[in-house]
Amino acid sequence: MKLTKVASALLALSVGVIATAEAADDRYVIQVDNGHKGVVKALAKKLGAQLHVDGDGFIAATFSGKDLAQVKGLLNNPHVKAVEADERRMPMSLFSDDAGDPMTQQVTPYAVYQSQANQVNFNASAGMKVCVIDSGLDSSNPDFDWNNITGDNDSGTGNWFEHGGPHGTHVAGTIGAADNNVGVIGMAPGVAMHIVKVFNEAGWGYSSDLALAASKCSAAGANIISMSLGGGGANNTEKNAFDAFTAAGGLVVAAAGNDGNNVRSYPAGYPSVMMIGANDADNHIADFSQFPSCKSGRGKRATDDETICVEVTAGGVDTLSTYPAGLATVPSLSADGVTYASSAMENVGSASGSTYFMGTAEAVDAGANGKVCVIDRGVISFHDKVLNCENSGGVGAIIINNAAGMLYATLGDTNVTSIPAVGAALEDRTALLAASAAVVDIVGADYGYMSGTSMATPAVSGMAALVWSNHSECTGTDIRNAFKATAMDAGAAGKDDYFGYGIVNAAAANAYLTTYGCSGN
Ligand SMILES: [Ca+2]
Ligand SMILES: [Ca+2]
Ligand SMILES: [Ca+2]
């Protein structure tokens, strides 16, 4: 299953505020008395200003190249009451992670708030156990209650407590990271987990592996199976295994897939398995989230079957969770003392020096020797740009996007470079090219971001453990039905192929079961 690894630019963004007396865009708000606004507007125009807003008691205008003191001086007029910087305002996400560094304090991921999981207490004595079928859970991450975690290896994948890539560790953190003073917090903090490792770095498993894993989950006493994986084509042996787990009272949750099309993935496509799509922090569907039809059969015989398509969604875009220790990368970029947003492309390390603009860096250039290369995106691969910088004696690389926004990329699986390389936004190109010195820094961290229906799936399986722990008399199917009955509608009004019933609301599902009982009557 495709995995979109999104570099942890948010930490850098949170400190990316530029302090200066000059307003952003040289744009100012001028408070005036309404009776003399015309006089002030004429004066501003005469001074070369460009007027933008004519409001009740104020105007807004750009004074190119002028700082606040200069504008105040120019507008020294009795009808001007005040002049202040016209601050930029951007659309904010409806939900966001707590501010702060998860290496030193606990950060609650946005999806917890979005799904109101923080409003439900996890009952640790209810005996919930989530079986995570993935790439293992690396024992190096400190944010787990290891006394509550067991596991099994499939043949050929190695020890379950040693990661086969960060995917499984990230998924497990979303389910059950501990509620302590560090890292993140899972949907069901500290819940017992059984880890079945069916993938390693090669990223491959078979339906027979999953059928075997389901029986291991049963043997371990798990009541929830979480699978952030899938692929095309149904398989009866695999289907039977999940049917049996569900029939025995369990709940099986799996990812819809990340190809952004209407293909039905399995195991999520089996009726006994709950299919999960991904939404972002603004309650929008993730562009990668698959949306298979709920229609079964053709023509007049077509019927609606809500168990073969997306049933609910949860946050799965830029999800912060646990990594094998040191394997997440956190970038920082500053130039002439100003911090800029950046993304980690490759290579942990720190580099500082004079900047050298290499254009698109299509060849070795002796001018870059000992310097931080500033490079435009385009023409050749990111890897070859960084390699040309390094072979020129460059100590670090900044690659600037050639389209609006931040550049998120890696140097690929065959990276042979070693200098730290970060991506930067096109919006910062002018400032970065003008800077005389820069510092590029990539540090390893235990927490990082990933995007995918793989991230939404453990959010739902964790919330199932959370809600179920307060209603342990119910079956997995009761929990599944409560999630669907109480989901927050999003996207097109009513149930739709992208969201199913909508975004899971753990607090509403919990209240629903309290009020109506397991069967929802
Ligand atoms: Ca924690
Ligand atoms: Ca299904
Ligand atoms: Ca909808």
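Start by selecting Ser454, which sits in helix α10 (residues 453–468); helices (H or I, at least four residues) and strands (E, at least two) are DSSP runs, numbered from the N terminus. You are looking at a predicted model, in which local features need pLDDT of at least 70, side-chain atom pairs count only at pLDDT 80 or more, and totals for chains, interfaces and linings use all residues. Residues are numbered from 1 along each chain as its sequence is written, chains are lettered from A and ligands numbered from 1 in the order in which they are written, and side-chain values use heavy atoms, with hydrogens and water left out.

His167 belongs to helix α5 (residues 167–176). Is His167 buried or exposed? His167 is buried, at 14% relative accessible area, and Ser454 is buried too, at 1%. Buried means under 20% relative accessible area, exposed over 50%, and partly exposed in between (1.4 Å probe, protein chains only). Now show the side chains: a polar contact of 3.0 Å joins Ser454 and His167. Such a contact is a pair of N or O atoms within 3.5 Å; within protein, one must be able to donate a hydrogen and the other to accept it, and residues adjacent in sequence count only if both atoms are side-chain atoms.

**Stop 1: strand β11.** Select residues 273–279; seven of the seven are buried, so β11 is largely enclosed by the rest of the structure. β11 pairs in the parallel sense with β10 (residues 251–255) over four bridges, and five bridges join β11 to the parallel strand β14 (residues 310–315). Pairing requires at least two DSSP bridges. For landmarks, find Val252 opposite Val273 and Ala278 opposite Ala314.

**Stop 2: calcium, ligand 2.** Its protein donors are the O atoms of Ala268, Tyr270, Val273 and Thr307, at 2.3 to 2.5 Å. Val273 in β11 and Thr307, in the loop between β13 (303–304) and β14, are 34 residues apart. Donors are N, O and S atoms within 2.8 Å of the metal (3.2 Å for Na, K and Ca); water is not among the atoms, so sites may look incomplete.

**Stop 3: calcium, ligand 3.** Finish with Asp489 (OD), Ala490 (O), Ala492 (O), Gly494 (O) and Asp496 (OD), the protein donors at 2.3 to 2.4 Å. Gly494 is partly exposed, at 32%.
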